[in-house]
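User: I have a model open beside its sequence and would like a close look at a single part of the chain, followed by a walk through the surroundings.

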Amino acid sequence: MSARARKQAWGGVAWGGAARGAVAWGAVAWGTGPYADALRNGHGPLYLRRNDGWLLPLEVERWCAGASAADLSALRRCEGSVLDIGCGPGRLVAALSARGHRALGIDVSEAAVARTRHLGGPALRRSVFDPLPGEGHWGTALLIDGNIGIGGDPDILLARVGELLAPGGLLIAETAPVDIDERAQVRVEDGQGAAGALFPWARLGTPALLSYARPAGWRPVGQWTCEGRPFVALRRRRTSSHSPDPANSAADTSSQRARNTSADSPVTGS
Ligand SMILES: C[S@@+](CC[C@H](N)C(=O)[O-])C[C@H]1O[C@@H](n2cnc3c(N)ncnc32)[C@H](O)[C@@H]1O
């Protein structure tokens, strides 16, 4: 089944048309309430609750800690300037900055942006769907910790990331550790009665992500698992509607291109 057909099979919900509104709902849901409180405190418990009651624990403590071996396995593959989309409390942006990368975190949550800046990482309170600095010039985009779910429609998110990257730029995404292709209405809650607003979210395993990415022109260039966390590296096609403007480019493609992605095992999922 094609990605688009599968999308329509999801209860007939017109996700594509709702995406912009979905983003606004997500911004409200992540920007306030239990998520903001958990980031300020540095710990959970915190969950994504599906509207059928199913709970997905959110690893706030890990997000608020330093970069782990799995995080570093992704960061080692970054090329040029790095945009961390949904940076949360900022451990990746801080680790990248400490390693000399030009990096920017964006997040709709003020608490996330404040924490990222406190760690020494540059961050903006912005949705990925808002106008962003360096559009069309980023060397690498990160969608880590399930952030491929942002907006609830992977086709639209992948298209947006494609606009943000330079031609041939790299997307590194963490996928779910199970073979899943799910969209659901969820809310963030603390398990003790505090809950945010409902918003659309998606969870994708590696095969599902590849099935969305390939028809959209992304080339899989790496696939690995570290500490039980699966990652995929996808390269954006080289043609672009953006005209290169090196003077204003946020991308620094000279020194750090072509890192380890070629050393990965071949991508087999489909
Ligand atoms: C699953 S958490 C990931 C946390 C993060 N990667 C970390 O290291 O802590 C999702 C993050 O994405 C942010 N987010 C949700 N919708 C967003 C959007 N449209 N644009 C940017 N960030 C968004 C949330 O505020 C939250 O910090």
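In which loop is W218 found? Please start from there and then connect that place to the rest of the model.

Analyst: The model is a predicted one, and what follows should be read with that in mind. W218 is found in the loop between helix 9, which spans residues 206-213, and strand 10. Although W218 sits in a loop, it counts as buried because 22 C-beta neighbours lie inside 10 Å, where 20 or more are needed. Once residues up to four places away in sequence are set aside, W218 touches L158, A213, L234, R235 and R236. The C-alpha atoms of W218 and R237 are separated by 6.1 Å, while the two residues are 19 positions apart along the chain.

Strand 10 covers residues 219-226, and the loop between strand 10 and strand 11 (229-235) holds E227. Phi of E227 is near 55°, a positive value in a residue other than glycine. As background, most residues other than glycine have a negative phi. E227 is exposed, since 10 other C-beta atoms lie within 10 Å and the limit for that class is 12 or fewer.

A second residue with a positive phi is D145, for which the angle is near 60° although the residue is not a glycine. D145 belongs to the loop that runs between strand 6 (138-143) and helix 8 (154-164). With 19 C-beta neighbours inside 10 Å, D145 counts as partly exposed. D145 also comes up at the ligand: of the 25 residues around the ligand, W30, W63, G86, G88 and D145 come nearest. Helix 2 (15-31), helix 6 (91-98) and strand 4 (103-107) are the elements that give two or more residues to that shell, and the largest share, 3 residues, comes from helix 2. By class, the shell around the ligand is made up of 14 nonpolar, 8 polar and 3 charged residues.

Helix 6, one of those elements, is also the place of R91. R91 is buried, because 25 other C-beta atoms lie within 10 Å of its own. Leaving aside neighbours within four places in sequence, R91 is in contact with W63, A65, G66, A67 and D71, and W63 is among the residues that come nearest to the ligand.

When neighbours within four places in sequence are left aside, L142 is in contact with A74, V82, D84, I85, L92 and I172.

Another part to examine is the stretch that begins with helix 3. The buried residues of helix 3 are P34, Y35, A38 and L39; seen down the helix axis they fall within an arc of 135°, so they line one face of the helix. The face turned away from that buried side carries the exposed residues R40 and N41. Just after helix 3, G42 takes a positive phi of about 80°. P45 lies in the loop between helix 3 (33-41) and strand 1 (47-50), and the peptide bond from G44 to P45 is cis, with omega near 10°. In general, most peptide bonds are trans.

Strand 1 then pairs on two accounts. It runs antiparallel to strand 2 (residues 55-57), to which 3 bridges join it, and the bridge partner of Y47 in strand 2 is P57. The hairpin of strand 1 and strand 2 has 4 residues between the strands, and in it G53 takes a positive phi near 105°. Strand 1 is also joined by 4 bridges to strand 8 (residues 181-189), again in an antiparallel arrangement, with V186 in strand 8 as the bridge partner of R50.

For the chain as a whole, there are 9 helices and 11 strands, and 48% of the 270 residues count as buried. Among contacts with a separation of 6 or more, residues 24 or more positions apart account for 70%.

Conventions. Residues numbered from 1 in each chain as written. Predicted model: local features only at pLDDT ≥ 70, side-chain atom pairs only at ≥ 80, totals over all residues. Contact = placed C-beta atoms within 7 Å. Near = placed C-beta within 6 Å. Nonpolar A, V, L, I, M, F, W, Y, C, P; charged D, E, K, R; others polar. Arc of directions from axis to C-beta. Pairing = 2+ DSSP bridges.
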